[in-house]
Amino acid sequence: MWYGVSTMAGRLINYLLTPFLTYQFSTAQYGEMSLIYAIIPFMNVIFSYGMETAYFRFTKDHPRDTVSNTAATSLLLTTLFFTGILILLAGPLAALLQLPEHPEYIWLAAGIIATDALCIVPFSQLRQQGRPIRFAYIKIGGILSNIIFVIFFLSIWPGWISSHPEHFSAGWYDTKAAVMYVLLANLIQNCIVLLLLSKEWRSFQWKLDKALWWKMFSYGWPLIFAGLAGMVNETFDRIMLGWWAPVKVTEAAQTEVGIYSACYKLSILITLGVQAFRLGAEPFFFKLSEKEDASKHYARVMKFFVITLCLMYLVVMLYLDYWKYFIQKPEMWIGLKVVPLLLLANIFLGVYYNLSVWYKLADKTSAGAWITFAGALITLVINYWGIPLYSYMACAWATLACYGSMMIISYYWGQKVYPIPYQVMRLIGYILLVVLIGQSFDWMMTGMEISNVMRLAVSTTLVILFLGVVIWAEKEELKKIPLMKQWF
């Protein structure tokens with residue numbers, strides 16, 4: 001709970017910047033920022049090269065200090081090398097992102113990526129040692145500092161300058177560099193996090209166990225390709241949309257990217273749930289693998305995880321008329337039609353991450369790479385064909401098709417290698433039920449003139465109805481939970 005709740009709280013706090021940023025930026029500027037943040041995850045995968053997962057895998061049967069020192073030394077050396085390459089290629093990369101006038105974005109992004117990489121081992125060590133409170137304190141502290149600096153750069157400082165135009169600091173501020181200031185705030189955040197992790201860094205010794213490093217690299221390198229393919233599925237659609245949007249002007253393409261990126265944020269709850277699960281599940285799954293009945297526990301985790309995601313789906317879909325105010329520019333609301341597709345896609349992604357336990361425990365990480373490659377191919381084909389015709393709607397359908405395919409392939413492959421008794425039909429039933437409820441509500445409310453109070457009442461009734469179905473179906477399971485016994 002500490003890992004999950006702290007991650008969800010931290011991400012939620014960060015997401016709360018969206019109303020502020022959509023208010024401060026033009027739609028095209030929001031698109032520019034989204035393009036930079038689409039490329040950063042690609043670089044994060046390369047900079048980390050599977051070392052985080054390898055860390056958890058090899059602390060099971062190697063001395064923890066040796067694993068930590070080897071991973072930290074390796075990441076420090078490679079981070080210096082990769083950062084230098086990014087800085088040298090800043091101009092061509094900016095041009096590739098349709099931002100040729102802003103190589104400084106790439107410089108700042110390089111700093112963000114480098115500091116992210118240097119945080120990998122300390123955070124992994126905290127998770128492995130079971131120190132979630134310190135983990136949460138540092139994570140949330142960093143995000144709060146980011147919000148403070150974003151507001152300072154975009155609101156407080158320019159407000160001060162407008163009131164004191166003769167002040168010397170007025171010459172330092174560039175009113176046209178809003179995106180740069182967001183990136184700078186992110187870099188400052190990472191530096192603060194590194195400072196908070198200084199105690200962990202001081203415990204490392206700069207030693208590289210070559211034999212162990214080769215084992216860790218051999219285990220983790222397939223995750224590089226899986227990660228890159230995964231980023232094609234998660235963020236590359238923004239870049240492709242900037243390239244192939246059915247508009248002729250670059251700024252108009254960036255506007256399309258801005259609309260899609262802002263509406264993507266409305267899948268916030270499921271995105272947060274999946275991210276929190278990924279953070280807490282990996283060390284949990286590895287520890288649980290030592291038990292004889294581990295597969296039964298994996299199946300139970302999957303069931304309640306899917307129920308949670310389905311509830312999140314309903315909370316967004318049934319209250320979408322309220323969630324849309326999260327985006328401060330009404331002209332962006334034209335993209336709200338992508339939200340149902342993205343919500344369902346993120347449910348599929350969450351199920352896939354839960355299923356991925358089989359290839360990590362079986363030391364078959366290359367299987368994850370092949371599955372993700374299949375998803376990436378689907379993403380590329382649908383977007384290449386669809387974006388010139390349907391703009392960001394093609395991106396949403398591609399995301400749904402990609403994650404759905406990855407989920408299905410992983411399930412059938414995994415059952416042959418590491419069978420787990422998932423309650424497949426029940427999980428499918430829950431997903432179909434919430435999609436039916438959400439779409440029925442949307443069709444029912446379209447074109448109807450109904451008061452906000454009545455709309456809210458119908459939405460809440462449908463959420464309670466779903467919870468009632470879950471309680472009825474899982475009554476025997478819920479009796480096993482100590483806090484729930486008294487209710488049954």
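Is Ser 391 buried or exposed? Ser 391 is buried, with a relative accessible area of 7%; buried means under 20%, exposed over 50%, and partly exposed anything in between, using a 1.4 Å probe and protein chains only.

## Ground rules

This is a predicted model, where local features need pLDDT of at least 70 and side-chain atom pairs count only at pLDDT 80 or more, while totals for chains, interfaces and linings use all residues. Residues are numbered from 1 along each chain as its sequence is written, and side-chain values use heavy atoms, with hydrogens and water left out.

Helices here are DSSP runs (H or I, at least four residues), numbered from the N terminus. Leaving out neighbours within four places in sequence, Ser 391 is in contact (heavy atoms within 4.5 Å) with Leu 241, Pro 246, Glu 256 and Gly 386.

Ser 74 sits in helix α5 (residues 64-88) and is buried too, at 5% relative accessible area. Its side chain makes a polar contact with the side chain of Tyr 49 at 2.6 Å. A polar contact is a pair of N or O atoms within 3.5 Å; within protein, one must be able to donate a hydrogen and the other to accept it, and residues adjacent in sequence count only if both atoms are side-chain atoms. With neighbours within four places in sequence set aside, the contacts of Ser 74 are Tyr 49, Met 51, Leu 208 and Trp 213.

## The nonpolar core

The largest nonpolar core has 164 residues, and Leu 21, Phe 25, Ile 36, Leu 154 and Tyr 313 touch the most other members. To count as a core, buried Ala, Val, Leu, Ile, Met, Phe, Trp, Tyr and Cys residues must be joined through side-chain atoms within 4.5 Å.

Take Ile 36: beyond its neighbours within four places in sequence, Ile 36 is in contact with Leu 97, Leu 99, Tyr 105, Ile 106, Ala 109 and Leu 183.

## A nonpolar patch outside

On the surface, Trp 221, Phe 225, Trp 370, Phe 373, Ile 409, Trp 413 and Val 417 form a nonpolar patch with about 680 Å² of accessible area together. Areas come from the Shrake-Rupley method with a 1.4 Å probe; for residues, only the protein chains shown count as cover. Patch members have over 30% relative accessible area and no salt bridge, and nonpolar side chains (Val, Leu, Ile, Met, Phe, Trp, Tyr) are joined within 5 Å.

Helices α12 (210-234), α20 and α21 each supply at least two residues of the patch, with α21 giving the largest share, three. Trp 370 lies in α20 and is exposed, with a relative accessible area of 60%.

## Salt bridges

The structure holds seven salt bridges, each a side-chain nitrogen of Lys or Arg within 4 Å of a carboxyl oxygen of Asp or Glu. One of them pairs Lys 303 with Glu 474, the closest N and O atoms being 2.9 Å apart. That pair links distant parts of the chain, 171 residues apart: Lys 303 is in helix α16, and Glu 474 is in the loop between α23 (452-473) and α24 (475-478). Both Lys 303 and Glu 474 are buried.

Asp 321 and Arg 455 also meet through their side chains (3.1 Å, N to O). Asp 321 is in helix α17 (residues 320-323) and Arg 455 in helix α23, so this bridge ties together parts 134 residues apart in sequence. Asp 321 is partly exposed at 31% relative accessible area, whereas Arg 455 is buried at 15%.

Note on methods. Patches are made of residues with over 30% relative accessible area and no salt bridge: like charges are joined within 9 Å, nonpolar side chains (Val, Leu, Ile, Met, Phe, Trp, Tyr) within 5 Å.
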